[in-house]
Amino acid sequence: MNTPEGYEALAAILQEAIDQAANGKGKERHQQNDRPFLRQPICEIPRMVGPAGSAYQVMKKTQEAMRLPPERAVVELLGAINYAAATIIVIRENALADFNHRLDKITTDMIYTKPVKLDDFDDLG
């Protein structure tokens, strides 16, 4: 990751979140059979129930972190970052799927409707 000057602290925290997902708590609980992040429950469940599910986890983990000692709070907040990333992934996937669906509909409509003739526009102008 190419980190802009002045954003090193943010990059370090984001790297900690990646490390937690790949090697820490995330790997222990969710990375069965070496499944990549996109195929783990953190992304698969929001695909089934919608991104609000993982957004809820972000809020829950953040709230829980505020009641914990600093080191445990950091672990929960890194998990919240990973849930936020999963939420972003699913939102983007849904937006792309919606776009593709609308594009398919437009294409289908163009194929299965009567052809438009220039004469059809004579009364407009």
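What share of the 125 residues in the chain is buried? Then please focus on helix 3: which of its residues are buried, and which salt bridge partners does E44 have?

A: Buried residues make up 20% of the 125 residues in the chain. Here, buried means under 20% relative accessible area, exposed means over 50%, and partly exposed lies in between (1.4 Å probe, protein chains only). This is a predicted model, so local features need pLDDT of at least 70 and side-chain atom pairs count only at pLDDT 80 or more, while totals for chains, interfaces and linings use all residues. Residues are numbered from 1 along each chain as its sequence is written, and side-chain values use heavy atoms, with hydrogens and water left out.

First, the setting. The chain has five helices and zero strands. Its pattern along the sequence reads α-α-α-α-α. Helices (H or I, at least four residues) and strands (E, at least two) are DSSP runs, numbered from the N terminus. Take the contacts in the chain with a separation of 6 or more: residues 24 or more positions apart account for 58% of them. A contact means heavy atoms within 4.5 Å.

Now helix 3, residues 41-49. Its buried residues are I42, C43 and P46. Viewed down the axis of helix 3, these buried residues fall within an arc of 95 degrees, so they line one face of the helix. That arc is taken from the directions from the helix axis to the C-beta atoms. M48 and V49 are exposed on the other side of helix 3. Just after helix 3 comes G50, with a positive phi of about 105 degrees.

Next, the charges. Side chains of opposite charge can pair when their charged atoms come close. E44 has a salt bridge with R39 at 3.1 Å, N to O. The term covers a side-chain nitrogen of Lys or Arg within 4 Å of a carboxyl oxygen of Asp or Glu. E44 also forms a salt bridge with R47, and there the closest N and O atoms are 3.3 Å apart. R47 and E44 are separated by about one helical turn, because they sit three residues apart in helix 3.

How covered are these side chains? E44 is partly exposed, because its relative accessibility is 23%. R47 counts as partly exposed too, at a relative accessible area of 27%. R39 is partly exposed at 43%. A search of the whole structure finds five salt bridges.

K60 and E64 form a salt bridge, with 3.5 Å between the closest N and O atoms. Both residues lie in helix 4, four residues apart, which is about one turn of the helix. K60 is partly exposed at 28% relative accessibility, and E64 is partly exposed at 24%. A55 is also found in helix 4, which spans residues 52-65. The C-alpha atoms of A55 and A86 are 8.8 Å apart, although 31 residues separate them along the chain.

To recap helix 3: I42, C43 and P46 are its buried residues, M48 and V49 are exposed on the other side, and E44 pairs with R39 and with R47.
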